[in-house]
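Trainee: Can we go through this one together? I'd like to start with the ligand and then look at the salt bridges.

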Amino acid sequence: MRAPFRIGVLGLGNVGGALARRLADDADGIAAATGRRITLEAIAARRPEGRQAPAPVMAPEKLLARTDLDAIVELIGGMEPAHTYIKTALQAGHQVITANKQVIASHGPALSRLGSLRFEASVASAIPIVELLAETLAADRVQGIVGILNGTTNFMLDEMAKGSSYEQALREAQRLGMAEADPTADVDGHDAAAKLAILVMLAFRKRIDVDAIDRTGIREAPTLPSHASGGGKRKLIAAAESDEEGIRADVRPRLVPISSPIAHVDGALNAICIEARYAGPLLLRGAGAGPDAAASAVIADLVRAARDAPPSAGALLASLADQPCIDVRPLGGMRPFPAAE
Ligand code: HSE
């Protein structure tokens, strides 16, 4: 067996904890899949003093300065300081794995040019969509994407369809630990827009500005019970299409016909439909949020890195770095739903 693949993790939150647990509990299974052990050597936290952790805890600057690590995993989230840490790690020659959708949506192309960057966990957590678009469908032509990319709002809209008010649904999502204390990114569509921006760049191979994606959240969504909405279900839909006229994309609440498979994606689940010219329609559904789901996607990237597999999604984004951002028009009233019999 090859020498262990030694990693350091930035961020000691729920996802970092789930990753550490899985690396310990499933060490033999991961080693069998990878051909080498993946060992957690260091964890960075802003206030490391006295923290109990499965590896030595240190300040981020100290972890970034270590030269004995094979990869650094960024699980801090948010734009800064995560963006600076990822850039510093890549410039120092480390491989980087991140779950950070904000950083990848805004800086993915420029960062990917600096070194090996992997980000499977940045979109829809456990759903393996990032490498699927970059690697498996590399020779296909994706024409459309329709997704439920935010678990919090999907849960809230379900609750509202059952009769809860917006405030009650939000409180319940917070009680269950889904929504953030400040849930603006979820309810106003920014979280789904960042994930959609990453999917658009990978699927259509064009650079876009995440801020160009028109978004409407669910604060103003009508709270019609399902029996009063013609049997359709209200969902926060992230959708994009590409044709000879360019790219259209937006995030907005839509009434999804009950005949569509995504009408039945309930609770905090995510779903992504891809329309590819040669592969045809594809539908993936699964856990889009939660520590174990995110850790599962991080481990998929760690296994690829430890096997020396090329960072396909990072290479694709790097190839866009010199492109100007192209215009993105909203889909608006166009109906992007996948056909369903
Ligand atoms: N807040 C996000 C969601 C977490 O609810 O989907 C996963 O990105």
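Trainee: Which residues surround the ligand?

Mentor: This is a predicted model, where local features need pLDDT of at least 70, side-chain atom pairs count only at pLDDT 80 or more, and totals for chains, interfaces and linings use all residues. Residues are numbered from 1 along each chain as its sequence is written, and side-chain values use heavy atoms, with hydrogens and water left out. Counting a residue as near if one of its heavy atoms lies within 4 Å, the ligand is surrounded by Lys 101, Asn 150, Gly 151, Thr 152, Asp 186, Asp 191, Lys 195, Gly 288 and Ala 289.

Trainee: How far is a polar side-chain atom of Lys 195 from an oxygen atom of the ligand?

Mentor: Take Lys 101 to begin with: a polar atom of its side chain is 2.7 Å from a ligand oxygen. For Thr 152, a side-chain N or O atom sits 2.6 Å from an oxygen of the ligand. For Lys 195, the distance is 2.9 Å.

Trainee: Which side chain meets Arg 2 in a salt bridge?

Mentor: A salt bridge here is a side-chain nitrogen of Lys or Arg within 4 Å of a carboxyl oxygen of Asp or Glu, and the whole structure has 18. The N to O distance in this one is 3.1 Å, and the partner of Arg 2 is Asp 308.

Trainee: How many residues apart in sequence are the parts that this pair ties together?

Mentor: Arg 2 comes in the segment before β1 (5–10), while Asp 308 is in the loop between α11 (291–306) and α12 (312–320). Helices (H or I, at least four residues) and strands (E, at least two) are DSSP runs, numbered from the N terminus. So the parts tied together are 306 residues apart.

How values were computed:
A polar contact is a pair of N or O atoms within 3.5 Å; within protein, one must be able to donate a hydrogen and the other to accept it, and residues adjacent in sequence count only if both atoms are side-chain atoms.
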